[in-house]
Amino acid sequence: MRRGSRMEDKGSLLIRGGTVVTATGRVPADVLVRSGRIDAVGPDLGVGEADVDRVIDASGCWVMPGGIDTHTHLAHPIGRLGVTTADDFYTGTVAGAFGGVTTIIDFGLQEQGGTLTDARDHRFGVIDPDAIIDFGFHLIVTDVNDGVLAEMGDLIRSGFPSFKVYMTYGDKKIGDDDLILLLEVAGEHGGLIYAHCENDCAVTHLIERHLAEGKTGPAYHATSRPPEVEAEATNRAIMLAELAGAPICIAHVTSSGAARHVADARARGVAVAAETCPQYLVLDSSVYDPGAGCEVAKFVCSPPMREHSHVDALWDALADGSIQQVSSDHAPFRYEGQKTGGCDNFTQIPNGLPGIETRLPIVFTEGVASGRLTPERFVELTATAPARLFGLTEKGRIEPGADADLIVVDPEREVEITADVLHSDVDYSPYEGMRLKGFPTWTISRGDVIIDNGVLTAERGRGRQVERIPIDPANLP
Ligand code: DUC
Ligand code: ZN
Ligand code: ZN
(Lines give C-alpha, C1' and ligand atoms only; values in the text may rest on other atoms or scores of the structure.)
(Ligands and ions follow the chains in the order given, each with its own letter.)
Protein backbone atom coordinates (compact mmCIF):
# COMPACT_ATOMS: atom_id res chain seq x y z
CA MET A 1 0.00 0.00 0.00
CA ARG A 2 1.23 3.48 -0.80
CA ARG A 3 0.97 5.46 2.32
CA GLY A 4 1.72 8.87 3.75
CA SER A 5 3.41 11.88 2.28
CA ARG A 6 7.00 11.39 1.30
CA MET A 7 9.53 14.01 0.44
CA GLU A 8 9.62 14.23 -3.33
CA ASP A 9 10.70 16.92 -5.72
CA LYS A 10 7.43 18.71 -6.28
CA GLY A 11 8.84 22.19 -6.61
CA SER A 12 8.20 25.22 -4.50
CA LEU A 13 5.35 27.60 -3.85
CA LEU A 14 5.15 30.91 -2.03
CA ILE A 15 1.79 32.05 -0.68
CA ARG A 16 2.36 35.72 -0.18
CA GLY A 17 0.59 38.54 1.62
CA GLY A 18 -2.19 36.67 3.40
CA THR A 19 -3.23 36.33 7.02
CA VAL A 20 -2.21 32.93 8.35
CA VAL A 21 -4.91 31.58 10.66
CA THR A 22 -4.21 28.56 12.84
CA ALA A 23 -5.92 27.07 15.88
CA THR A 24 -3.75 29.23 18.11
CA GLY A 25 -3.64 32.62 16.42
CA ARG A 26 -3.66 34.76 13.30
CA VAL A 27 -0.80 36.76 11.86
CA PRO A 28 0.10 38.45 8.56
CA ALA A 29 2.64 36.05 7.08
CA ASP A 30 3.91 34.34 3.95
CA VAL A 31 4.02 30.56 3.66
CA LEU A 32 6.83 28.85 1.79
CA VAL A 33 6.19 25.32 0.54
CA ARG A 34 8.91 23.00 -0.73
CA SER A 35 8.58 19.39 -1.80
CA GLY A 36 5.02 19.10 -0.56
CA ARG A 37 5.74 20.31 2.95
CA ILE A 38 5.63 23.63 4.73
CA ASP A 39 9.16 24.98 4.75
CA ALA A 40 8.78 28.33 6.50
CA VAL A 41 6.11 30.71 7.80
CA GLY A 42 6.76 34.36 8.56
CA PRO A 43 6.28 38.00 7.65
CA ASP A 44 9.47 38.32 5.64
CA LEU A 45 10.97 35.08 4.42
CA GLY A 46 13.49 36.74 2.14
CA VAL A 47 12.22 34.68 -0.79
CA GLY A 48 11.57 36.38 -4.10
CA GLU A 49 9.56 35.35 -7.15
CA ALA A 50 12.70 34.15 -8.86
CA ASP A 51 13.42 31.73 -6.00
CA VAL A 52 10.24 29.67 -6.31
CA ASP A 53 8.27 27.88 -9.02
CA ARG A 54 5.04 29.67 -8.25
CA VAL A 55 3.67 32.56 -6.21
CA ILE A 56 0.05 32.87 -5.07
CA ASP A 57 -1.01 36.38 -4.14
CA ALA A 58 -3.11 35.92 -1.01
CA SER A 59 -3.66 39.63 -0.27
CA GLY A 60 -6.91 40.14 1.58
CA CYS A 61 -7.23 36.38 2.10
CA TRP A 62 -6.91 33.99 5.01
CA VAL A 63 -4.47 31.10 4.68
CA MET A 64 -5.66 28.17 6.79
CA PRO A 65 -5.00 24.43 7.15
CA GLY A 66 -7.00 22.38 4.66
CA GLY A 67 -10.13 20.91 6.16
CA ILE A 68 -10.07 17.40 7.58
CA ASP A 69 -13.39 15.61 7.30
CA THR A 70 -13.33 12.47 9.43
CA HIS A 71 -16.86 11.33 8.61
CA THR A 72 -17.68 10.71 4.95
CA HIS A 73 -19.51 7.87 3.25
CA LEU A 74 -18.36 7.63 -0.37
CA ALA A 75 -19.36 4.68 -2.53
CA HIS A 76 -20.76 3.16 0.62
CA PRO A 77 -23.84 1.02 1.33
CA ILE A 78 -25.51 2.81 4.24
CA GLY A 79 -27.63 1.71 7.13
CA ARG A 80 -30.30 -0.92 7.33
CA LEU A 81 -31.27 -0.58 3.64
CA GLY A 82 -27.71 -0.90 2.34
CA VAL A 83 -28.28 1.60 -0.52
CA THR A 84 -24.96 2.85 -1.93
CA THR A 85 -24.21 6.56 -1.70
CA ALA A 86 -24.19 8.56 -4.94
CA ASP A 87 -20.62 9.91 -4.84
CA ASP A 88 -17.66 7.70 -5.60
CA PHE A 89 -14.18 8.57 -4.40
CA TYR A 90 -13.59 10.78 -7.42
CA THR A 91 -16.74 12.92 -7.34
CA GLY A 92 -16.76 12.99 -3.55
CA THR A 93 -13.17 14.11 -3.16
CA VAL A 94 -13.52 16.64 -5.99
CA ALA A 95 -16.50 18.10 -4.13
CA GLY A 96 -14.40 18.09 -0.97
CA ALA A 97 -11.52 19.92 -2.63
CA PHE A 98 -13.86 22.64 -3.91
CA GLY A 99 -15.09 22.98 -0.33
CA GLY A 100 -11.59 23.27 1.12
CA VAL A 101 -11.15 19.68 2.30
CA THR A 102 -7.70 18.16 1.86
CA THR A 103 -8.11 14.95 3.89
CA ILE A 104 -11.02 12.61 4.49
CA ILE A 105 -11.42 9.65 6.77
CA ASP A 106 -14.08 7.41 5.25
CA PHE A 107 -15.16 3.89 6.27
CA GLY A 108 -14.37 0.28 5.44
CA LEU A 109 -17.21 -2.09 6.25
CA GLN A 110 -16.64 -5.53 7.77
CA GLU A 111 -18.81 -8.12 6.02
CA GLN A 112 -20.71 -10.52 8.29
CA GLY A 113 -18.31 -13.41 8.86
CA GLY A 114 -15.43 -11.47 7.30
CA THR A 115 -12.31 -10.02 8.88
CA LEU A 116 -11.37 -6.41 9.47
CA THR A 117 -8.15 -6.99 7.57
CA ASP A 118 -10.14 -8.05 4.49
CA ALA A 119 -12.34 -4.99 4.92
CA ARG A 120 -9.23 -2.81 5.00
CA ASP A 121 -7.66 -4.36 1.92
CA HIS A 122 -10.87 -4.25 -0.08
CA ARG A 123 -11.57 -0.64 0.79
CA PHE A 124 -8.07 0.54 -0.02
CA GLY A 125 -8.52 -0.94 -3.50
CA VAL A 126 -11.72 1.05 -3.97
CA ILE A 127 -10.38 4.39 -2.73
CA ASP A 128 -6.83 4.53 -4.00
CA PRO A 129 -7.48 4.74 -7.78
CA ASP A 130 -9.99 7.58 -7.44
CA ALA A 131 -9.28 9.92 -4.52
CA ILE A 132 -7.81 13.32 -5.39
CA ILE A 133 -7.15 14.25 -1.75
CA ASP A 134 -5.52 12.25 1.03
CA PHE A 135 -7.56 9.65 2.80
CA GLY A 136 -7.81 7.25 5.69
CA PHE A 137 -10.67 5.05 6.76
CA HIS A 138 -12.22 3.81 9.97
CA LEU A 139 -13.08 0.13 10.03
CA ILE A 140 -16.77 -0.49 10.77
CA VAL A 141 -17.14 -3.52 13.05
CA THR A 142 -20.39 -5.38 12.42
CA ASP A 143 -19.54 -8.91 13.58
CA VAL A 144 -17.54 -9.19 16.80
CA ASN A 145 -15.75 -12.49 17.37
CA ASP A 146 -12.43 -13.73 18.76
CA GLY A 147 -10.71 -13.30 15.39
CA VAL A 148 -11.77 -9.67 15.15
CA LEU A 149 -10.66 -8.90 18.69
CA ALA A 150 -7.32 -10.57 17.96
CA GLU A 151 -6.61 -8.59 14.78
CA MET A 152 -7.39 -5.16 16.24
CA GLY A 153 -4.01 -4.64 17.90
CA ASP A 154 -2.07 -5.13 14.67
CA LEU A 155 -4.49 -2.94 12.76
CA ILE A 156 -4.11 -0.14 15.31
CA ARG A 157 -0.31 -0.35 15.16
CA SER A 158 -0.33 -0.39 11.36
CA GLY A 159 -2.24 2.87 10.95
CA PHE A 160 -5.90 1.95 11.51
CA PRO A 161 -6.55 3.14 15.08
CA SER A 162 -10.29 3.90 14.86
CA PHE A 163 -13.28 1.57 14.69
CA LYS A 164 -16.83 2.65 13.93
CA VAL A 165 -19.76 0.96 15.62
CA TYR A 166 -23.48 1.38 15.06
CA MET A 167 -25.70 0.94 18.10
CA THR A 168 -28.65 0.62 15.69
CA TYR A 169 -29.14 -0.22 11.95
CA GLY A 170 -30.21 -3.85 11.36
CA ASP A 171 -27.42 -6.31 10.79
CA LYS A 172 -24.78 -3.58 11.15
CA LYS A 173 -25.75 -3.02 14.79
CA ILE A 174 -23.64 -4.31 17.65
CA GLY A 175 -25.01 -4.90 21.15
CA ASP A 176 -23.69 -3.70 24.49
CA ASP A 177 -21.96 -7.04 25.13
CA ASP A 178 -19.86 -6.63 21.99
CA LEU A 179 -19.34 -2.91 22.55
CA ILE A 180 -17.72 -3.61 25.93
CA LEU A 181 -15.35 -6.13 24.35
CA LEU A 182 -14.39 -3.73 21.56
CA LEU A 183 -13.80 -0.90 24.03
CA GLU A 184 -11.57 -3.08 26.19
CA VAL A 185 -9.42 -4.24 23.30
CA ALA A 186 -9.26 -0.78 21.72
CA GLY A 187 -8.29 0.74 25.08
CA GLU A 188 -5.53 -1.81 25.57
CA HIS A 189 -3.86 -1.13 22.18
CA GLY A 190 -4.35 2.60 21.54
CA GLY A 191 -7.54 2.30 19.54
CA LEU A 192 -10.57 4.59 19.49
CA ILE A 193 -14.21 3.52 19.21
CA TYR A 194 -16.30 5.93 17.14
CA ALA A 195 -19.96 5.36 17.95
CA HIS A 196 -23.27 6.08 16.23
CA CYS A 197 -25.51 6.34 19.26
CA GLU A 198 -29.25 5.66 19.03
CA ASN A 199 -31.23 3.21 21.19
CA ASP A 200 -32.08 0.40 18.77
CA CYS A 201 -34.99 -1.06 20.80
CA ALA A 202 -36.66 2.34 21.08
CA VAL A 203 -36.14 3.18 17.39
CA THR A 204 -37.52 -0.21 16.31
CA HIS A 205 -40.52 0.14 18.61
CA LEU A 206 -41.29 3.68 17.49
CA ILE A 207 -40.99 2.80 13.80
CA GLU A 208 -43.40 -0.11 14.26
CA ARG A 209 -45.86 2.09 16.15
CA HIS A 210 -45.74 4.82 13.49
CA LEU A 211 -46.37 2.32 10.69
CA ALA A 212 -49.22 0.65 12.61
CA GLU A 213 -50.86 4.07 13.06
CA GLY A 214 -50.55 4.82 9.34
CA LYS A 215 -47.87 7.45 9.94
CA THR A 216 -45.76 6.44 6.96
CA GLY A 217 -44.80 9.69 5.16
CA PRO A 218 -41.21 11.05 5.18
CA ALA A 219 -41.96 13.57 7.92
CA TYR A 220 -42.48 10.75 10.44
CA HIS A 221 -38.84 9.74 10.16
CA ALA A 222 -38.03 12.44 12.71
CA THR A 223 -40.63 11.48 15.31
CA SER A 224 -39.50 7.86 15.11
CA ARG A 225 -36.05 8.92 16.34
CA PRO A 226 -36.58 11.57 19.05
CA PRO A 227 -33.73 13.17 21.04
CA GLU A 228 -34.20 10.83 24.03
CA VAL A 229 -33.22 7.89 21.81
CA GLU A 230 -29.91 9.58 21.05
CA ALA A 231 -29.23 10.90 24.57
CA GLU A 232 -29.81 7.48 26.17
CA ALA A 233 -27.48 5.65 23.80
CA THR A 234 -24.85 8.38 24.06
CA ASN A 235 -24.82 8.14 27.82
CA ARG A 236 -24.69 4.33 27.67
CA ALA A 237 -21.75 4.34 25.24
CA ILE A 238 -19.88 6.83 27.41
CA MET A 239 -20.54 4.84 30.59
CA LEU A 240 -19.34 1.63 28.94
CA ALA A 241 -16.19 3.41 27.78
CA GLU A 242 -15.64 4.69 31.29
CA LEU A 243 -16.12 1.17 32.63
CA ALA A 244 -13.64 -0.23 30.11
CA GLY A 245 -11.15 2.59 30.69
CA ALA A 246 -11.12 3.32 26.96
CA PRO A 247 -11.49 6.50 24.92
CA ILE A 248 -14.57 7.02 22.79
CA CYS A 249 -15.72 9.48 20.14
CA ILE A 250 -19.43 10.16 19.79
CA ALA A 251 -20.46 10.62 16.15
CA HIS A 252 -22.89 13.34 15.00
CA VAL A 253 -24.24 14.81 18.26
CA THR A 254 -27.55 16.52 17.45
CA SER A 255 -29.27 17.18 20.76
CA SER A 256 -28.75 19.15 23.94
CA GLY A 257 -29.20 15.96 26.00
CA ALA A 258 -26.41 14.09 24.20
CA ALA A 259 -24.16 17.17 24.31
CA ARG A 260 -24.75 17.43 28.06
CA HIS A 261 -23.75 13.79 28.61
CA VAL A 262 -20.50 14.45 26.72
CA ALA A 263 -19.77 17.61 28.71
CA ASP A 264 -20.54 15.95 32.05
CA ALA A 265 -18.31 12.98 31.23
CA ARG A 266 -15.43 15.22 30.15
CA ALA A 267 -15.84 17.19 33.37
CA ARG A 268 -15.36 14.02 35.42
CA GLY A 269 -12.27 13.09 33.41
CA VAL A 270 -13.61 10.52 30.94
CA ALA A 271 -11.68 10.39 27.65
CA VAL A 272 -14.64 11.25 25.44
CA ALA A 273 -14.69 13.45 22.36
CA ALA A 274 -17.64 14.39 20.17
CA GLU A 275 -18.52 15.83 16.81
CA THR A 276 -21.51 17.54 15.35
CA CYS A 277 -22.29 18.24 11.69
CA PRO A 278 -23.36 21.34 9.73
CA GLN A 279 -26.90 20.10 9.09
CA TYR A 280 -27.58 20.13 12.83
CA LEU A 281 -26.18 23.65 13.11
CA VAL A 282 -28.25 25.38 10.42
CA LEU A 283 -31.35 23.23 9.89
CA ASP A 284 -34.00 22.34 12.43
CA SER A 285 -37.04 20.09 12.66
CA SER A 286 -39.11 22.51 10.59
CA VAL A 287 -37.67 20.71 7.53
CA TYR A 288 -39.95 17.78 8.45
CA ASP A 289 -43.15 19.56 7.45
CA PRO A 290 -45.76 16.93 6.47
CA GLY A 291 -47.21 19.52 4.06
CA ALA A 292 -44.00 19.37 2.00
CA GLY A 293 -44.75 15.79 0.90
CA CYS A 294 -41.88 13.77 -0.48
CA GLU A 295 -39.55 16.80 -0.55
CA VAL A 296 -39.03 16.03 3.14
CA ALA A 297 -37.08 12.92 2.09
CA LYS A 298 -34.22 15.25 1.10
CA PHE A 299 -33.67 15.89 4.81
CA VAL A 300 -33.94 12.34 6.10
CA CYS A 301 -30.80 11.46 8.01
CA SER A 302 -30.13 9.76 11.33
CA PRO A 303 -30.18 11.19 13.85
CA PRO A 304 -32.65 13.71 12.39
CA MET A 305 -32.61 17.48 12.75
CA ARG A 306 -34.02 18.77 16.05
CA GLU A 307 -36.09 21.64 17.41
CA HIS A 308 -34.33 24.98 17.38
CA SER A 309 -33.33 24.95 21.06
CA HIS A 310 -31.00 22.04 20.26
CA VAL A 311 -29.36 24.04 17.46
CA ASP A 312 -28.49 26.79 19.94
CA ALA A 313 -27.17 24.21 22.41
CA LEU A 314 -24.84 22.77 19.76
CA TRP A 315 -23.38 26.19 18.89
CA ASP A 316 -22.80 26.77 22.61
CA ALA A 317 -21.08 23.39 22.89
CA LEU A 318 -18.78 24.23 19.96
CA ALA A 319 -17.89 27.58 21.46
CA ASP A 320 -17.28 26.29 25.01
CA GLY A 321 -15.27 23.25 23.91
CA SER A 322 -17.62 20.49 24.94
CA ILE A 323 -17.90 19.40 21.28
CA GLN A 324 -14.49 19.21 19.61
CA GLN A 325 -15.01 18.79 15.89
CA VAL A 326 -17.40 19.39 13.01
CA SER A 327 -17.47 16.73 10.33
CA SER A 328 -19.92 16.39 7.44
CA ASP A 329 -21.36 12.86 7.69
CA HIS A 330 -21.48 13.26 3.91
CA ALA A 331 -23.89 10.50 2.84
CA PRO A 332 -25.25 11.72 -0.50
CA PHE A 333 -28.29 10.17 -2.14
CA ARG A 334 -30.04 11.46 -5.24
CA TYR A 335 -33.58 12.68 -4.67
CA GLU A 336 -34.92 11.19 -7.90
CA GLY A 337 -34.62 7.44 -7.79
CA GLN A 338 -32.98 7.07 -4.38
CA LYS A 339 -34.75 9.27 -1.81
CA THR A 340 -38.08 9.00 -3.69
CA GLY A 341 -38.06 5.25 -3.07
CA GLY A 342 -39.57 6.08 0.32
CA CYS A 343 -42.21 8.71 -0.49
CA ASP A 344 -44.92 6.45 0.94
CA ASN A 345 -42.85 4.72 3.61
CA PHE A 346 -40.17 6.64 5.47
CA THR A 347 -38.35 3.42 6.39
CA GLN A 348 -37.45 3.01 2.71
CA ILE A 349 -35.66 6.37 2.41
CA PRO A 350 -31.89 6.00 2.44
CA ASN A 351 -30.55 8.02 5.38
CA GLY A 352 -28.08 10.80 4.77
CA LEU A 353 -27.34 14.24 3.35
CA PRO A 354 -24.65 15.57 1.03
CA GLY A 355 -22.32 17.97 2.84
CA ILE A 356 -18.61 17.50 2.18
CA GLU A 357 -18.39 20.68 0.06
CA THR A 358 -20.50 22.94 2.25
CA ARG A 359 -19.08 21.94 5.66
CA LEU A 360 -16.36 24.58 5.91
CA PRO A 361 -18.49 27.35 4.34
CA ILE A 362 -21.40 26.68 6.71
CA VAL A 363 -19.22 26.74 9.82
CA PHE A 364 -17.37 29.77 8.44
CA THR A 365 -20.52 31.72 7.61
CA GLU A 366 -22.72 30.81 10.54
CA GLY A 367 -19.85 30.47 12.99
CA VAL A 368 -17.11 32.97 12.18
CA ALA A 369 -18.88 35.57 10.03
CA SER A 370 -21.83 35.68 12.43
CA GLY A 371 -19.53 36.09 15.44
CA ARG A 372 -20.31 32.80 17.22
CA LEU A 373 -16.80 31.40 16.76
CA THR A 374 -13.35 32.92 16.44
CA PRO A 375 -11.39 32.18 13.27
CA GLU A 376 -8.99 30.15 15.43
CA ARG A 377 -11.83 28.01 16.78
CA PHE A 378 -13.00 27.44 13.19
CA VAL A 379 -9.58 26.02 12.30
CA GLU A 380 -9.52 23.93 15.46
CA LEU A 381 -12.97 22.43 14.78
CA THR A 382 -12.45 21.68 11.10
CA ALA A 383 -8.77 20.69 10.89
CA THR A 384 -6.56 20.71 13.97
CA ALA A 385 -8.79 18.78 16.39
CA PRO A 386 -9.79 16.14 13.81
CA ALA A 387 -6.10 15.51 13.10
CA ARG A 388 -5.33 15.10 16.79
CA LEU A 389 -8.39 12.99 17.54
CA PHE A 390 -7.74 10.47 14.79
CA GLY A 391 -3.94 10.29 14.90
CA LEU A 392 -3.00 12.26 11.76
CA THR A 393 0.45 13.51 12.66
CA GLU A 394 1.27 15.36 9.43
CA LYS A 395 -1.95 17.32 8.99
CA GLY A 396 -4.08 20.11 10.40
CA ARG A 397 -1.44 22.74 11.18
CA ILE A 398 0.70 25.35 9.46
CA GLU A 399 4.20 24.69 10.77
CA PRO A 400 7.52 23.84 9.15
CA GLY A 401 7.62 20.11 8.44
CA ALA A 402 3.85 19.58 8.23
CA ASP A 403 2.18 18.54 4.98
CA ALA A 404 1.42 21.60 2.88
CA ASP A 405 -2.35 21.13 2.97
CA LEU A 406 -3.69 24.66 2.81
CA ILE A 407 -6.67 26.72 1.75
CA VAL A 408 -6.68 30.35 0.72
CA VAL A 409 -10.03 31.96 1.46
CA ASP A 410 -11.29 35.43 0.66
CA PRO A 411 -13.44 35.97 3.76
CA GLU A 412 -15.79 38.33 1.94
CA ARG A 413 -16.55 36.20 -1.14
CA GLU A 414 -20.07 34.82 -1.04
CA VAL A 415 -21.65 32.01 -3.07
CA GLU A 416 -25.36 31.31 -3.43
CA ILE A 417 -25.94 27.60 -3.02
CA THR A 418 -27.70 25.53 -5.66
CA ALA A 419 -27.07 21.91 -6.59
CA ASP A 420 -25.50 23.20 -9.82
CA VAL A 421 -22.71 25.18 -8.17
CA LEU A 422 -21.68 22.14 -6.12
CA HIS A 423 -19.78 19.08 -7.33
CA SER A 424 -21.38 16.07 -5.67
CA ASP A 425 -23.20 13.63 -7.93
CA VAL A 426 -26.59 14.55 -6.46
CA ASP A 427 -29.57 16.49 -7.78
CA TYR A 428 -30.26 18.75 -4.80
CA SER A 429 -28.63 20.52 -1.89
CA PRO A 430 -30.21 20.73 1.57
CA TYR A 431 -28.88 24.29 1.64
CA GLU A 432 -30.46 25.64 -1.61
CA GLY A 433 -30.63 29.43 -1.52
CA MET A 434 -28.25 29.94 1.38
CA ARG A 435 -25.49 32.49 0.78
CA LEU A 436 -22.22 31.11 2.11
CA LYS A 437 -18.77 32.57 2.64
CA GLY A 438 -15.65 30.50 3.25
CA PHE A 439 -15.19 28.68 -0.06
CA PRO A 440 -11.48 28.55 -0.96
CA THR A 441 -10.10 30.27 -4.02
CA TRP A 442 -7.11 27.94 -3.87
CA THR A 443 -6.91 24.47 -2.32
CA ILE A 444 -3.42 23.03 -1.90
CA SER A 445 -2.73 19.38 -1.11
CA ARG A 446 0.83 18.34 -0.25
CA GLY A 447 2.05 21.39 -2.15
CA ASP A 448 -0.04 20.69 -5.28
CA VAL A 449 -2.52 23.40 -6.17
CA ILE A 450 -5.59 21.22 -6.79
CA ILE A 451 -8.19 23.99 -6.98
CA ASP A 452 -6.62 26.89 -8.80
CA ASN A 453 -8.70 30.03 -8.65
CA GLY A 454 -11.87 27.97 -8.90
CA VAL A 455 -10.57 25.44 -11.45
CA LEU A 456 -9.95 21.76 -10.70
CA THR A 457 -6.37 20.81 -11.61
CA ALA A 458 -5.93 17.51 -9.75
CA GLU A 459 -5.48 14.14 -11.38
CA ARG A 460 -7.76 11.28 -10.41
CA GLY A 461 -5.99 9.02 -7.92
CA ARG A 462 -3.37 11.52 -6.68
CA GLY A 463 -4.64 11.21 -3.10
CA ARG A 464 -2.64 9.04 -0.72
CA GLN A 465 -3.40 7.12 2.39
CA VAL A 466 -2.47 9.17 5.44
CA GLU A 467 -0.16 8.16 8.25
CA ARG A 468 -2.09 7.57 11.49
CA ILE A 469 -0.73 6.70 14.92
CA PRO A 470 -2.40 5.01 17.91
CA ILE A 471 -4.59 7.25 20.04
CA ASP A 472 -3.38 8.52 23.41
CA PRO A 473 -6.50 9.06 25.56
CA ALA A 474 -4.66 11.77 27.46
CA ASN A 475 -4.20 13.71 24.22
CA LEU A 476 -7.79 13.92 23.00
CA PRO A 477 -8.78 17.44 21.92
N1 DUC B 1 -26.70 8.53 9.35
C2 DUC B 1 -27.10 9.02 8.19
O3 DUC B 1 -28.09 9.72 8.11
N4 DUC B 1 -26.39 8.70 7.08
C5 DUC B 1 -25.17 8.05 7.15
C6 DUC B 1 -25.05 7.15 8.27
C7 DUC B 1 -25.70 7.68 9.47
O8 DUC B 1 -25.38 7.30 10.55
ZN1 ZN C 1 -24.03 7.54 12.05
ZN1 ZN D 1 -22.20 8.55 9.10
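Pro303 lies in the loop between α9 (278–282) and α10 (308–320); helices here are DSSP runs of H or I with at least four residues, strands are E runs of at least two, and both are numbered from the N terminus. The peptide bond between Ser302 and Pro303 is cis, with omega at about -5 degrees. Ser302 also turns up among the residues around ligand 1.

This is a predicted model, so to speak with thresholds: local features need pLDDT of at least 70, side-chain atom pairs count only at pLDDT 80 or more, and totals for chains, interfaces and linings use all residues. Residues are numbered from 1 along each chain as its sequence is written, chains are lettered from A and ligands numbered from 1 in written order, and side-chain values use heavy atoms, leaving out hydrogens and water.

Now for His252: this residue sits in the loop between β13 (248–250) and α8 (256–267). His252 isn't a glycine, yet its phi is positive, about 25 degrees.

## Around ligand 1

Some polar contacts (N or O pairs within 3.5 Å) are worth a look. The His196 side chain puts an N or O atom 2.8 Å from an oxygen of ligand 1. For Tyr169, a polar side-chain atom is 3.4 Å from a ligand nitrogen. His252, the residue with the positive phi, has a side-chain N or O atom 3.5 Å from an oxygen of ligand 1. On its own ligand 1 has 240 Å² of accessible area (Shrake-Rupley, 1.4 Å probe), and the protein covers 100% of that.

Ligand 1 sits in the largest cavity, meaning that more than half of its atoms lie within 2 Å of the cavity's grid points.

## Aromatic pairs

There are seven aromatic pairs, counting ring centres within 6.5 Å. One of them is Phe364 with Phe378: the centres are 5.4 Å apart and the planes meet at 85 degrees, so this pair is edge-to-face (over 60 degrees). Phe364 belongs to helix α11 (residues 359–369) and Phe378 to helix α12 (residues 375–389), 14 residues apart, linking distant parts of the chain.

Conventions: Near = heavy atom within 4 Å. Polar contact = N/O pair within 3.5 Å; in protein donor to acceptor, adjacent residues only side chain to side chain. 1 Å grid on protein atoms, 1.4 Å probe; cavity = no way out; pocket = protein on both sides within 12 Å on 5 of 7 lines; lining within 4 Å. Phe/Tyr/Trp six-rings, centres within 6.5 Å; stacked < 30°, edge-to-face > 60°.
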